[in-house]
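Reader: Could we go through the charged side-chain pairs in this one? I'd like to know what the values rest on before I use them.

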Amino acid sequence: MPAAKPGSRNYPSKMPMKGKFPLRRTLRYLEKGNIYLRDNVKIVTINYNTSGDSHQGARDLVFYNLCQLQYKNPKVQIQTFKNLTPSPFIRCFLNEGDEVLIDVDSKTNTNILEHVKKLLGKPEAILAAERKAKEQKTNPANFGREFARQCICEVPGQVPCPGVVQIPEDQRGKNINWKEGYLKAAKGEIPQPESGS
């Protein structure tokens, strides 16, 4: 049987690729975004018009890059306002009650993203430290006070802590050679049978 061709009924598709620029909804495209907003940014509003050359960069930002910005910053509320202002701008509300206004008049979407990253993005040193902390926290082999597991006994299938549950004597290494019947001869020595009287 010949292989199914794209567009045919039998072609396996993970997601319907319909609508305007459907690649925006793919995980690979969403992960390409590189702007992580600082923790004090709570709300971002983008104001633009649907017509006019000076608003083209803001329209492109909303169309191509807004989904990436939302994906990388899930705790930030992002709103768009259309046809309410004569000039495009971005307003960011910080958790201290402060506001940051960014003029995006006649700028391209890449210039706008670079400017937002410079003003409100996390520095690369902080991102690297967060990545390292996340790797350490998610590694199941790590345990201790600063990790998710305090002790190795919390892992399923491991021997419980001796302070909580008494370990059977036959499983304790220090007592194994002292029990009767467990004594072993040293290497190279032949055990002598006991003489019966």
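Author: Let me begin with accessibility: Asp 39 counts as exposed, at 55% relative accessibility, where exposed means over 50% relative accessible area, buried under 20% and partly exposed in between, using a 1.4 Å probe and protein chains only. This is a predicted model, in which local features need pLDDT of at least 70 and side-chain atom pairs count only at pLDDT 80 or more, while totals for chains, interfaces and linings use all residues. Residues are numbered from 1 along each chain as its sequence is written, and side-chain values use heavy atoms, with hydrogens and water left out.

Reader: OK, and which residue does Asp 39 meet in a salt bridge?

Author: Its partner is Lys 122, at 3.3 Å from N to O, a salt bridge being a side-chain nitrogen of Lys or Arg within 4 Å of a carboxyl oxygen of Asp or Glu.

Reader: Is Lys 122 buried or exposed?

Author: Lys 122 is buried, with a relative accessible area of 16%. Lys 122 also forms a salt bridge with Glu 130, where the closest N and O atoms are 3.0 Å apart, and Glu 130 is partly exposed at 34% relative accessibility.

Reader: Switching topic, how many salt bridges does the structure hold?

Author: The structure holds four; one of them joins the side chains of Arg 131 and Glu 124, at 3.1 Å from N to O. Arg 131 counts as partly exposed, at 45% relative accessibility.
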